[in-house]
Amino acid sequence: MFAASVAYVAVQDHQGQQHIGTCFHIGEHIFVTAKHVVENTKITKIATTMPSLDISFGSYLPSETSQIEGPFFHPNPDYDLAALRLRELNATQIPFSPVPEEEPYGALLLRTVVVMGYPPIPGSRSPVLFCARAEVNASFISYFDKQRVLVVSCLGRGGFSGGPVLTPPHNCLGVVTRAMVKEALPEELGFMAVVGPWPILELLDHHKIMPRYLREEMWSRREKAKRS
């Protein structure tokens with residue numbers, strides 16, 4: 001359902017090395033990703049690989065863009081979150097799960113989720129959208145950035161960073177950030193960390209790029225609760 005909403009982000013670092021990450025559309029041409037995917041790198045290409053409806057021609061085609069606005073980062077520099085505005089990229093919208101900010105995260109334990117992203121696959125000539133079924137295993141506040149993190153039972157492969165974590169029936173539970181690893185071990189041996197929607201909404205509000213439905217359905221309720 002949301003395959004056409006997930007795009008790969010090809011970047012080049014200062015040493016000329018090529019890397020790949022993921023971003024996904026949350027509405028009004030705003031795409032969410034992880035900060036470390038796009039920070040201090042040159043974005044060389046952003047595109048989807050799964051077909052979406054092109055209303056102009058009545059056909060289904062993958063989409064690519066060269067018009068990139070951003071990246072926009074969270075006001076807390078320790079948060080591994082970023083957003084892009086991609087006006088030319090045709091993609092359906094993935095709505096965030098309307099989870100109240102104060103809901104105990106323990107209620108999410110063992111919930112089934114689907115993780116989507118673009119980890120490099122040996123033998124593939126071009127990026128391939130990778131989907132994995134997983135479950136929420138733990139929730140804690142990281143001492144690195146004081147941020148609430150969900151741990152998901154999926155290998156933390158490079159390329160998943162910035163991808164969406166979907167929960168039934170059709171909502172986004174959060175965004176994949178860094179794989180949590182011990183010392184210098186490969187990221188595949190670490191835990192996949194997922195950050196929920198509220199820090200992302202803070203980022204969008206800070207830069208005044210929040211899609212209208214999120215402001216009306218989630219953010220405005222939070223602001224009213226603060227004032228009451």
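Predicted model: local features only at pLDDT ≥ 70, side-chain atom pairs only at ≥ 80, totals over all residues.
Figure 1. Side chains of opposite charge can pair when their charged atoms come close.

Figure 2. The side chains of R215 and D205 meet in a salt bridge, with 3.2 Å from N to O. R215 belongs to helix 3 (residues 212-227) and D205 to helix 2 (residues 197-206), so this pair ties together parts that are 10 residues apart in sequence. Both partners are partly exposed, R215 at 31% relative accessibility and D205 at 27%.

**Figure 3. Salt bridges elsewhere in the chain.** How many salt bridges does a search of the whole structure find? The search finds 6, and one of the pairs is K45 with E64, whose side chains meet at 3.8 Å from N to O. This pair links distant parts of the chain, since K45 lies in strand 4 (residues 42-48) and E64 in strand 7 (residues 64-65), 19 residues apart. K45 is partly exposed, with a relative accessible area of 32%, and E64 is also partly exposed, with a value of 48%.

Figure 4. Strand 1 (residues 6-12) pairs with strand 2 in the antiparallel sense over 7 bridges, and A10 has I20 in strand 2 as its bridge partner. The two strands form a hairpin with 5 residues between them, and in the turn G16 has a positive phi of about 85°. Strand 2 is mostly covered, with 7 of its 10 residues buried.

**Figure 5. Strand 3 and the strands that pair with it.** Strand 2 (residues 18-27) and strand 3 pair in the antiparallel sense over 3 bridges, and F31 in strand 3 is the bridge partner of H25. The hairpin formed by these two strands has 2 residues between them, and E28 takes a positive phi near 55°. Strand 3 is also joined by 4 bridges to strand 9 (residues 82-85), and these two strands run antiparallel; here T33 stands opposite A82 of strand 9. In a regular strand the side chains alternate between the two faces of the sheet. Are the residues on the two faces of strand 3 buried or exposed? Both faces of strand 3 (residues 30-33) are covered, with I30 and V32 buried on one side and F31 and T33 buried on the other.

**Figure 6. Two edge-to-face aromatic pairs.** A pair of aromatic rings is described by the distance of the centres and the angle of the planes. A search of the whole structure finds 2 aromatic pairs. The ring centres of Y8 and Y118 are 5.5 Å apart and their planes stand at 65°, so the pair is edge-to-face. The two residues come from distant parts of the chain, Y8 from strand 1 and Y118 from the loop between strand 10 (112-117) and strand 11 (130-141), 110 residues apart. Y8 counts as buried at 7% relative accessibility, and Y118 is buried with a relative accessible area of 1%. F130 and F160 form another edge-to-face pair, with 5.7 Å from centre to centre and 80° between the planes. This pair also links distant parts of the chain, with F130 in strand 11 and F160 in the loop between strand 12 (148-152) and strand 13 (164-167), 30 residues apart. F130 counts as partly exposed at 24% relative accessibility, whereas F160 is buried at 1%.

**Figure 7. The charged end of K35 over the ring of F73.** The charged end of K35 sits over the ring of F73, at 5.3 Å from the centre of that ring.

Figure 8. T167 lies in strand 13 and counts as buried, because its relative accessibility is 4%. Which residues does T167 touch, not counting residues up to four places away in sequence? T167 touches S97, R111, T112, V113 and L173.

Methods:
Residues numbered from 1 in each chain as written. Heavy atoms only, no water. Buried < 20%, exposed > 50% of the residue type's maximum accessible area, 1.4 Å probe, protein only. Pairing = 2+ DSSP bridges. Phe/Tyr/Trp six-rings, centres within 6.5 Å; stacked < 30°, edge-to-face > 60°. Lys NZ or Arg CZ within 6 Å of the ring centre and 35° of its normal. Contact = heavy atoms within 4.5 Å. Salt bridge = Lys/Arg side-chain N within 4 Å of Asp/Glu carboxyl O.
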